[in-house]
Number of protein chains: 2
Amino acid sequence: MEFMTGVNQKEVKEISDLAVYLGEKVKVNGTIHTIRDMGTVVFVILRKREGLLQLVLDESVNKIDKHSLKEGAAIEAFGMVTENEKAPNGIEISMEEVIILSEPAEPMPVPINKWKMNIALETNLNLRPVTLRNIRERAKFRIQEAIVRGFRDFLYENGFTEIHTPKISSKGAEGGANIFKMDYFHKPAVLAQSPQFYKQMMVGIFDRVFETGPVFRAEKHNTKRHLNEYTSLDFEMGYIDGFEDLMAMETGVLQYIVALLKKEYSREVEILKIKLPNTERIPCVRFDEAKKLISEKYNRTIRNPYDLEPDEEVLIGQYFKEEFDADFVFVTHYPSKKRPFYAMDDPEDTTYTLSFDCLFHGMEITTGGQRIHDYHMLLEKIEKRGMTEEGMEHYLLAFKHGMPPHGGLGIGLERLTMRLVGEDNVRETTLFPRDLNRLEP
Amino acid sequence: MEFMTGVNQKEVKEISDLAVYLGEKVKVNGTIHTIRDMGTVVFVILRKREGLLQLVLDESVNKIDKHSLKEGAAIEAFGMVTENEKAPNGIEISMEEVIILSEPAEPMPVPINKWKMNIALETNLNLRPVTLRNIRERAKFRIQEAIVRGFRDFLYENGFTEIHTPKISSKGAEGGANIFKMDYFHKPAVLAQSPQFYKQMMVGIFDRVFETGPVFRAEKHNTKRHLNEYTSLDFEMGYIDGFEDLMAMETGVLQYIVALLKKEYSREVEILKIKLPNTERIPCVRFDEAKKLISEKYNRTIRNPYDLEPDEEVLIGQYFKEEFDADFVFVTHYPSKKRPFYAMDDPEDTTYTLSFDCLFHGMEITTGGQRIHDYHMLLEKIEKRGMTEEGMEHYLLAFKHGMPPHGGLGIGLERLTMRLVGEDNVRETTLFPRDLNRLEP
């Protein structure tokens with residue numbers, strides 16, 4: 001009987017292992033990213049998960065046929081580790097033996113081994129399974145990993161429990177027209193616009209919960225910042241003293257992510273030349289005050305006092321960058337009529353809510369706020385909005401039997417990644433984006 | 001201007017903070033789980049995220065009206081921390097002041113404060129937003145958190161990158177009838193049965209990837225082990241020497257999860273009286289050999305040599321428990337006709353594949369295997385199966401331009417949780433299950 005006892009230790013080395021093997025012979029593997037043929041000497045650059053590794057083939061020294069090596073082939077190579085300050089990571093391997101593990105059927109349709117591919121976004125997205133092999137392209141998604149990982153790890157440390165809530169339901173959380181509908185065994189169903197109802201219910205169970213998962217919005221927006229499916233980083237916390245607790249927690253999350261990027265993702269931060277944002281102190285400004293400030297400074301008429309247009313968000317970002325060197329801004333007290341029924345109105349002026357958005361370089365990346373926790377107040381608000389309790393029985397059940405004061409927020413992962421890496425289209429920081437026109441790959 | 005500078009430090013204490021405050025007065029908050037009125041002394045048991053906390057109200061000493069306290073109310077209390085070996089965690093608080101933060105509108109419909117609620121599963125699921133407040137119910141989902149967290153953390157350590165792939169697509173990965181269909185802006189679309197195609201494509205980019213997210217199966221099974229939406233823990237790894245590398249990696253994952261449960265989730269392990277499974281050595285047995293072994297030992301006729309029925313899985317589990325004290329078993333070399341087109345056939349006998357299932361106490365929790373990585377071999381297999389390349393162009397693109405040898409697996413989170421906590425219905429370990437008849441809550 002054969003037994004599995006744990007991870008198989010491999011003979012092949014990763015890039016970060018090599019420094020200790022200088023002067024020794026090792027095995028490595030990877031995909032041939034580029035071949036630079038200098039005549040008798042050929043440089044074969046391997047693409048590995050940790051970066052690029054230079055192999056040198058000197059045909060006068062050994063009998064490997066350089067024509068047997070193709071870009072895109074997966075190989076295993078054996079040879080001496082030597083220093084070379086011109087090589088990536090200062091190390092190269094003098095190739096003595098090579099085994100071809102697999103070969104491509106056709107050459108690359110786009111120059112993925114160039115530092116910048118210089119191709120149109122549409123081409124990039126159509127050829128995503130190969131364009132992501134470009135070093136800069138893939139680095140963006142390592143940064144994205146750091147964001148999700150930092151979000152989770154910080155919340156674990158702060159007593160949050162991770163939850164997994166259903167994406168198919170009988171009714172949407174926020175209502176409205178932007179819901180994808182489907183048939184569920186001959187019953188009408190919808191895809192979750194957010195885990196809102198579920199995460200609130202779960203506050204009654206774990207006090208503090210979070211979820212990182214897909215959400216679906218059937219919005220007919222075709223802009224640089226909208227996706228019809230995206231990853232939402234949601235948390236919800238009970239026993240808050242006010243909605244400021246939520247902004248404070250998000251500040252902690254952002255600080256943790258920046259620290260994690262510095263500590264474990266410096267390679268990708270370097271590749272993408274990311275200037276890490278300032279998260280030490282994030283200014284908070286009231287919605288109405290923010291509108292006034294930019295109206296005065298940038299000589300702009302306030303057209304609609306109850307809404308914030310995208311170009312106003314940009315100006316708010318600009319204002320706080322100029323005045324306070326701030327990369328993030330919390331805009332607070334959004335008008336009640338622009339927030340969902342479950343938002344807690346400000347008792348001092350019920351035209352406004354105890355809510356906020358977080359802007360990052362002038363774009364909304366987070367929406368959050370305190371929620372109504374009292375059952376009767378919730379019923380009144382539903383009635384006042386002319387809504388029906390139908391389909392919300394389970395949500396209301398949680399409140400009927402008692403809920404602590406609570407609130408939460410949702411962060412759009414792709415938007416936060418986009419701002420962090422300095423892209424201007426959210427599709428650039430989505431592995432396989434879904435928009436009005438794109439359902440593939 | 002107000003600034004956020006990080007998490008607000010709270011005056012209220014959590015249960016794990018209290019030991020150092022013995023003899024001192026502190027503030028705590030939580031929901032009233034039970035009230036035990038002994039006459040002049042009233043025990044108020046608070047439910048907090050870390051467990052239960054006993055408050056003592058002596059009406060002869062202070063003027064709090066015991067009738068102002070209701071089960072289900074969220075309160076903040078102030079009082080002296082004292083030792084009491086009969087209280088949960090050996091600590092209680094002599095209540096001097098209390099603030100009611102919120103009150104329930106109605107009493108609980110089921111006895112959530114009993115150790116075991118003794119209610120029917122259907123009732124439990126219908127009232128999920130409140131039944132999960134039961135201490136044992138919620139503990140199951142802390143165990144579930146440990147599984148996902150352990151899966152991710154172990155894979156991060158082993159060079160895997162986390163990915164987020166779309167759940168709405170134009171075509172399903174596995175094909176077949178069990179696909180949920182939907183309308184995507186007047187185009188036909190489907191919900192992802194698995195991230196299979198995407199995670200394979202991503203091997204060409206990061207070598208090793210994983211995803212933890214929802215998958216959707218429109219299967220008309222109504223059994224104790226099927227859900228129509230569940231959380232799949234998927235990984236895929238390149239440069240494998242054989243499919244044994246995948247089982248070895250899963251063994252490492254399971255060992256890590258068990259260690260994490262011991263280290264950080266001992267409270268919940270204790271509440272649920274979980275006997276942690278043996279993961280030190282997991283036996284591997286060929287599919288045909290396993291059928292023969294149980295046929296001989298349990299005197300059972302082999303009806304179908306190409307399929308493993310659920311009761312055969314149970315017997316295999318029983319066999320390896322009896323013979324090797326094994327909780328997990330890898331069953332390898334499943335018949336080719338029972339595996340998808342992308343499965344790598346065993347070159348020594350193409351009737352079988354280089355694939356496996358992992359059984360946990362006689363139930364399949366994982367399916368995995370090596371995949372075909374050669375473009376031409378993949379095309380041949382598609383043709384041989386009478387399938388069409390239509391809709392698979394993007395998947396095939398990755399192979400056309402070169403893919404390393406690779407394989408991967410998917411673990412059903414709810415099933416693994418179910419086996420670990422010793423439940424016999426997968427709905428017990430799903431927060432809000434979706435099955436043929438259940439779309440709510």
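User: At roughly what angle do the axes of helix α7 and helix α8 of chain B cross?

Analyst: First off, this is a predicted model, where local features need pLDDT of at least 70, side-chain atom pairs count only at pLDDT 80 or more, and totals for chains, interfaces and linings use all residues. Residues are numbered from 1 along each chain as its sequence is written, and chains are lettered from A and ligands numbered from 1 in the order in which they are written. Helices (H or I, at least four residues) and strands (E, at least two) are DSSP runs numbered from the N terminus, and axes are lines fitted to C-alpha atoms, for helices over the stretch in contact, with angles from 0 to 180 degrees between N-to-C directions. For α7 (residues 287–297) and α8 (residues 310–324) of chain B, the axes come within 10 Å and cross at roughly 80°.

User: So how do α7(B) and α8(B) lie to each other?

Analyst: Angles under 35 degrees count as roughly parallel, over 145 as roughly antiparallel, 65 to 115 as roughly perpendicular and the rest as oblique. Their crossing is roughly 80°. That makes α7(B) and α8(B) roughly perpendicular.

User: How many nonpolar residues are in the contact of α7(B) with α8(B)?

Analyst: Two residues are in contact if their C-beta atoms, placed from the backbone, lie within 7 Å. Here α7(B) brings Ala290(B), Lys291(B), Leu293(B), Ile294(B) and Lys297(B), and α8(B) brings Glu312(B), Leu315(B), Ile316(B) and Tyr319(B). Ala, Val, Leu, Ile, Met, Phe, Trp, Tyr, Cys and Pro count as nonpolar, Asp, Glu, Lys and Arg as charged, and the others, Gly among them, as polar. There are three charged residues and no polar ones, and the nonpolar count is six.

User: How many of the residues of helix α11 of chain B are buried?

Analyst: A residue is buried if 20 or more other C-beta atoms lie within 10 Å of its own, exposed if 12 or fewer, and partly exposed in between, with C-beta atoms placed from the backbone. The buried ones in α11(B) include Leu413(B), Arg415(B), Met418(B) and Val421(B). What covers them includes α3 (135–157), β12 (229–238) and β19 (406–412) of chain B. Helix α11 (residues 413–421) is largely enclosed by the rest of the structure, because its buried share is nine of the nine.

User: Is Met344(B) buried or exposed?

Analyst: Met344(B) is in the loop between β14 (328–332) and β15 (345–346) of chain B. Beyond its neighbours within four places in sequence, Met344(B) is in contact with residues including Thr353(B), Leu354(B) and Ile372(B). With 24 C-beta neighbours inside 10 Å, Met344(B) counts as buried.

User: Which strands stand at the edges of the sheet that holds β7 of chain A?

Analyst: Two strands pair if DSSP finds at least two bridges between them. This open sheet of nine strands runs β7(A)-β11(A)-β12(A)-β19(A)-β18(A)-β17(A)-β14(A)-β13(A)-β1(B), with mixed pairing. Each edge strand has a single partner, so one side of it is left without a neighbour in the sheet: these are β7(A) and β1(B).

User: What is the bridge partner of Cys284(A) in β1(B)?

Analyst: Strand β13 (residues 282–286) of chain A pairs with strand β1 (residues 2–4) of chain B in the antiparallel sense, over three bridges. In β1(B), the partner of Cys284(A) is Glu2(B).

User: Which strands make up the closed barrel in chain A?

Analyst: One pair in chain A is β4 (residues 51–58) with β6 (residues 91–102), parallel over three bridges, and there Gln54(A) stands opposite Glu92(A). The closed barrel has five strands and mixed pairing, in the order β2-β3-β4-β6-β5.

User: How many residues does chain A put into the contact between the chains?

Analyst: Chain B gives 96 residues. The copies meet through the same surface, because 99% of the interface residues of chain A are also interface residues in chain B. Chain A takes part with 97 residues.

User: What rotation superposes chain A on chain B?

Analyst: Copies are superposed by least squares on the C-alpha atoms of residues with pLDDT of at least 70 in both. The shift along the axis is 0.0 Å and the RMSD is 0.0 Å, with a rotation of 180°.

User: What share of the residues of chain A count as buried?

Analyst: Chain A has eleven helices and 19 strands, and its C-alpha trace spans about 85 × 65 × 40 Å along its principal axes. Of its 441 residues, the buried share is 50%.
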